[in-house]
Amino acid sequence: MLRHFVGLLVGLVVTGALLIGGGWAVQQALGGIGTTPVVGQKLWIALGAMAAVGLVVGLVVAGRVSPLATFIPSMVLLAWTVVYALDMNRALSLVPSAPSVNQLVRDVGTGDKTLLASGVWALLGVALFIPVLMPSRWSRRHDDLDDDYESTQEGSYY
């Protein structure tokens, strides 16, 4: 039970890392449309942020944590993709873009729009959902110490 609660918390952190870190990194790496390509330190920082987000996702997918750690972000990404497929304007209105919002938040939102429209969120949502389907992820770890002892019948001389 505690393992699943920790998995829920990890899932919320991974969701934030994906949406905030991934959105910001994509916006920084691509720059504005119609501008000169991004080069230098700004590009390296954006690529480093992408690598960090990829590392977090890889550890959660490959690690032995509760499947809730991948279920939460996969459902957020897939739900947002379904809303985008059904009603594009409604899905894009979920992203803060008002001039009163901090520029950093607008950059994250622009990157998230790019990832949503290009289908990257759908692809990543499906990839994060696959570990949820594995029954071994839901069960407890098997204690290997119990296998060292053979069970004998009462009264046996062997």
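Trp80, Thr81 and Tyr84 in helix 3 meet Asp112, Leu116 and Ala117 in helix 5, where contact means heavy atoms within 4.5 Å. Sorted by class, this contact of helix 3 with helix 5 has four nonpolar, one polar and one charged residues; Ala, Val, Leu, Ile, Met, Phe, Trp, Tyr, Cys and Pro count as nonpolar, Asp, Glu, Lys and Arg as charged, and the others, Gly among them, as polar. The axes of helix 3 (residues 68-86) and helix 5 (residues 103-118) come within 10 Å and cross at roughly 75°. Axes are lines fitted to C-alpha atoms, for helices over the stretch in contact, with angles running from 0 to 180 degrees between N-to-C directions. Helix 3 and helix 5 are therefore roughly perpendicular to each other, a label that covers 65 to 115 degrees.

This is a predicted model: local features need pLDDT of at least 70, side-chain atom pairs count only at pLDDT 80 or more, and totals for chains, interfaces and linings use all residues. Residues are numbered from 1 along each chain as its sequence is written, and side-chain values use heavy atoms, with hydrogens and water left out.

The largest nonpolar core has 18 residues, and Trp80 and Leu116 are among those with the most contacts inside it, as are Leu18, Leu77 and Trp121. Such a core is a set of buried Ala, Val, Leu, Ile, Met, Phe, Trp, Tyr and Cys residues joined through side-chain atoms within 4.5 Å. Two or more residues each come from helix 1 (2-30), helix 2 (41-62), helix 3, helix 5 and helix 6 (120-129). Leaving aside neighbours within four places in sequence, Leu18 is in contact with Val53, Val57, Leu77, Trp121, Leu124 and Leu128, as well as Gly23 and Pro73.

Arg106 also lies in helix 5. Its relative accessible area is 24%, so Arg106 is partly exposed; buried means under 20%, exposed over 50%, and partly exposed in between (1.4 Å probe, protein chains only). Not counting residues up to four places away in sequence, Arg106 touches Pro96, Ser97, Ala98, Pro99 and Val101. The C-alpha atoms of Arg106 and Val95, 11 residues apart along the chain, are separated by 8.2 Å.

For the protein chain overall, the secondary structure comes to seven helices and zero strands, taken as DSSP runs numbered from the N terminus (helices H or I, at least four residues; strands E, at least two). Buried residues make up 31% of the 158 residues. Of the contacts with a separation of 6 or more, 76% are between residues 24 or more positions apart.

Methods: Angles under 35 degrees count as roughly parallel, over 145 as roughly antiparallel, 65 to 115 as roughly perpendicular and the rest as oblique.
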